[in-house]
Amino acid sequence: MDTILKIENVSKIFPGVVALDNIDFDLKSGEVHVILGENGAGKSTLVKILSGVYSPSSGHIILGNKKFESLTPSISKSEGISIIYQELSIINEISIAENLFIGQLPEKTFIGLPVVDRKTLKSGASNIINEVGLNRSPDEFVRNLSISEKQLVEIARALTLNSKIIIMDEPTSSLSVDETINLFNIIKELKNKGVGIIYISHKLDEIPQIGDRVTVLKDGKYVATKNVADTTIDQMISMMVGRDLDRTSRLPRKLNPVNPTTIFSVQNLSRKDERVKNVSFEVREGEILGFYGLIGSGRSELMEAIFGVVPREGQIILNGMPLHHKDPYDGLKNKLAFITENRRETGFFANFSIMNNIAIVYELFNSKLGGLWGLTNAKQDKKIAEEQAVALKIKCSSVMQNINELSGGNQQKVLVGKWLASNSEVFIFDEPTKGIDVGSKSEIYHIIRQLCDAGKGIIIVSSDLPEILYISDRILVFSDGHITAEFSSDDATEEKIVHAATHKVPDYSYP
Amino acid sequence: MSSLSSFRSFWQKYGTLVILIFLILLIGILSPKYFLTADNLTQVVLQSSITILIAIGEFFAILIAGIDLSVGSVMAFTGLITAKMLVAHQPIWLAILVGGVGVGLVLGLFNGFLVNATGLHPFIITLGTQSIYRGLTLILSDARPVYGLPPAYMSSIGGWLWRIPVPVIIAILYAAIMSWFTSKSKAGRNLYAIGGNKSAAWYNGILVKRHVSIAFAISGISAGLAGVVMIARLGAAEPLAGVGFETYAIASAIIGGTSFFGGVGRIWGVVIGGLVIGVINNGLNILNVPTFYQQIVMGSLIIISVFLDHLVSSKQ
């Protein structure tokens, strides 16, 4: 196999931070080279150097037999590099077909004028759509697609470019089991065609199925490159974090009351848009209640309805008192907390410091004048933010630092800190560790367990099976707007849960 | 720190001030006799006071990633009602409080109500109310100016205090109050939050609609105060006063470092932005540039400053 990409001694220095320190990396045609590392390890910086967004501070990049000091987005594209971003970069307001061929739309001549050849466009698009397993018409507008379908469009677009190098940044983070298997099939075909794939993922279980080699980065430094066949997941983890993490165990449960009181219950809850139908469940003292469901099953939609983001029907009872909030403000007042799935869209304020991001919820109800008309208290804000920063081990130079400068894992910790400071009674965590490194994950799990032991009601929503099994004391499975199964943590297995969520037996094996 | 990024952070903080000083020096060198005199500089500040008042209001509309195009019409409307009350021998304080601040508040709240009720972009809503408020002003005034304001009004609001023009004192006091409001109140911080990320604001318990109303109410009050000052300076309420003033207001806010994309900006930046516009207008007059050219300069300045903001904030 030929080496198609070589990165030699590349460093990237930002003011005050060495994001990449003398990195070496290479990619052969027809291989999947996995890059592993905790958040902040330098993976995203490396991707941005290859996409031409950042210029390296030193070192060089060799593509084929050309040597570059730095790339630009157009050089990167013309050299055959394409990138499937974790944060979607497709356009909502045009059709799937147009998204796939944007910038290279087929043309025909109509009364002497060049116009878009709709027929060729449509047939070309439907081939690729079928190839990635997307069950939609090429004329469908992208805004009508679910997140996982959008992800498939993103993947399909990379296929249209006939790239030599495809970089996939967390491509499976919002895909279901079936879609993931399908993606792996596509990757296999790409490999046969000689495409080199750089694969970035936090889902370690995927790596033995899909990877050929794996390179581990830590704190911007190169750790090692290994053949996937010669290493184990546990070895990879210890290379990433520098310690061993026990993945088979369950998060230890301290409080285990014989007759636990019900903290929080939901009865016959529905949404008008019918994405949640007649759901009832309860959250008990001392237990972490896990909700498993695929994307689009309605699990996040249920949580939105509980918190008051959207209107609902049915009853919610907290410690024996019915709650009647109609918006998140009153939801908060009723001591609910909702840590949302999409950090960037519904979680944090990119124009705010860590301090203001943490204090904004706390101060809604905790300043001298209640309600909306109070004043901020900078001293108190700073104290609260610093307490959370210490308790959650948020890596920052000070709480006055802008949240945008933090890594994903630390941003998530800031959001958790915000809600911890809010004195809520019930905490809903929607995908609390999505896109977060292993180290931060285990820290967040322990915070959640502490909250639970302190008598708070805890609901965790996740589409990550090992996570839901690790953390939950009881698991509810959600599918098509309903709860379809309930398991105690002793009875639950991956197979049973996936069966309840999809009515299909899971098959993770690489075809 | 690299020189580029330290320049960037310097420019974000002091860029507007640098522009202001540069303009003062430039025009001062071109016309040392007339421009850099105490009288003329006082005149610049006095002329800027109305711009600064409406620009402070515009700041809040832009802060929440909106815009208020109705400020010029609100200013004419409030000026008219204040003048009518004064001519009808109402006490000065009552005319200012009801005709200026009160009417401005109502018109601003109406903008906010329409934005919230329809869910349309404020650009559309305030483009409509700009015309509606102007029409109402023309109807209520019969398209004629209201003359004969009481001398006590002209000498108080239009007069001097401690050798400073009263409009300037009003503008500075108002800027101080609003600066305090934006940096110290919960509502102020919530407005920044909404401008930064509207849906996150909603998920974090901020009542977005209520705050949109607050932003437009402040914009209305600010334009109302500008109307109160304007009639004192003109000695009459002109129904066609303030046409095109939204351009000055938007330009001041943006030159003053308010991000057109919401969530970023400071009141004192807006004040300096208003002064930049005052200096340009006055400087061009002194240099005998015809008024028509001033509009070209103003328009170019808006585009350049948004472009600079875009460059400074997007290139990481």
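This is a predicted model: local features need pLDDT of at least 70, side-chain atom pairs count only at pLDDT 80 or more; totals for chains, interfaces and linings use all residues.
B:His89 is found in the loop of chain B that runs between helix H3 (71-87) and helix H4 (92-118), and its phi is positive, at about 65 degrees, although it is not a glycine.

Most residues other than glycine have a negative phi. A:Glu431, which is not a glycine, also has a positive phi, of about 50 degrees, and its place is in the loop between strand S19 (426-430) and helix H15 (438-453) of chain A. A:Glu431 counts as buried, because 24 C-beta neighbours lie inside 10 Å.

## Chain B as a whole

The secondary structure of chain B consists of 13 helices and 2 strands. Its radius of gyration is 19 Å, close to the 20 Å that the globule rule gives for 316 residues, so chain B is as compact as a globular protein of that length. The C-alpha trace of chain B spans about 65 × 55 × 35 Å along its principal axes.

Of the 316 residues in chain B, 51% are buried, and among its contacts between residues at least 6 apart in sequence, 80% join residues at least 24 apart.

## Helix H7 of chain B

Helix H7 of chain B covers residues 166-184, and its 19 residues should span 27 Å at 1.5 Å a residue, which agrees with the 27 Å between its end C-alpha atoms. The buried residues of this helix include B:Val166, B:Ile170, B:Tyr174 and B:Met178. An α-helix has 3.6 residues a turn, so residues three or four places apart point the same way.

How values were computed: Residues are numbered from 1 along each chain as its sequence is written. Chains are lettered from A and ligands numbered from 1 in the order in which they are written. Helices (H or I, at least four residues) and strands (E, at least two) are DSSP runs, numbered from the N terminus. The expected span of a helix is 1.5 Å times one less than its number of residues. A residue is buried if 20 or more other C-beta atoms lie within 10 Å of its own, exposed if 12 or fewer, and partly exposed in between; C-beta atoms are placed from the backbone. The radius of gyration is taken over C-alpha atoms; the globule rule is 2.2 Å times the number of residues to the power 0.38. Two residues are in contact if their C-beta atoms, placed from the backbone, lie within 7 Å.
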